Amino acid sequence: MRTFMRLAVALALFAVAALDPMPALAEETGLWASASAEKKIGQNIDGSVSAEFRTIGNRIDRLGLGVSADRRIFRTSDKFFTLKAGLGYKFTGNQNPSKTVWKNPDRYNIHNSYWCNRHRVYVQLTGKFEPGRWELSLRERYQYNYDSQASYTMYKHKRLETGTDIITPEKKIKYAEREHIARTQLEVAYNIRKCKFDPFAGFELYNCMNNGMELEKTRLTVGFDWKISNIRTFQWALVFQDRAADGEAAGCAVSFSYKYKL
């Protein structure tokens, strides 16, 4: 339990360090919540369904539903190394916030907020090493994102010398977008003896294949898994992203997830 308390203190310090020195990023602090159900659907094959809800500040950022499947394709006799292949699909509704664009002191445009539907398909390979109570994993994922076309209203504001504000509505279209992304995730976890709380830390790179594997962003995740029972697990984590990309804002988020095995 002392180890867990040290971990909790470390996570609290990480949160303060991430939010306090960077007020611009603190404004983007979000809450990520998700729940999933997993079930064995064949020999060495596990399937899952999931739902997620995300906020940024005081507004809803994303709602999503997903399905996925993983198959173990190799494992050593001593279970030291395991290799899994997986695929999945996720549908999300993403809210684009309203924004004001100034042309000059007397002219500005207000773009209304709108929702955009995203379809994501991915395939991945995950290698896992388990030396003692440690667990190290490396995941390579290719994902394809398709953002559907959406429309919204923009209001043009023009202030006359008399002080009158003329407002002209204009229909705007956000055209469909396609993106290919390669994601590399390295994660390390530790199984504390006689403790239901297992800490972990992960680092992930997002590379845009549309632009010659240009690095879009990096993500750092620190948290712990709480094994409530053999079929229920709760996860808490702090997430930090260095820049906005892949339909997500830069900054910090507090993540909660619940997993249930059928």
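Residues are numbered from 1 along each chain as its sequence is written, and side-chain values use heavy atoms, with hydrogens and water left out. Because the model is predicted, local features need pLDDT of at least 70 and side-chain atom pairs count only at pLDDT 80 or more, whereas totals for chains, interfaces and linings use all residues.

Strands (DSSP runs of E, at least two residues, numbered from the N terminus) are taken to pair if DSSP finds at least two bridges between them. An open sheet is built from four strands in the order S5-S6-S9-S10, with antiparallel pairing. Its edges are formed by strand S5 (99–104) and strand S10 (165–174), each of which pairs on one side only, and the twist from one strand to the next averages 20°, the angles running from 0 to 180 degrees between N-to-C directions of axes fitted as lines to C-alpha atoms. Within this sheet, strand S6 (residues 107–111) and strand S9 (residues 150–159) are joined in the antiparallel sense by five bridges, and Asn109 lies opposite Lys156 in S9.

The hairpin of S12 and S13 has five residues between the strands, and Gly212 in its turn has a positive phi of about 65°.
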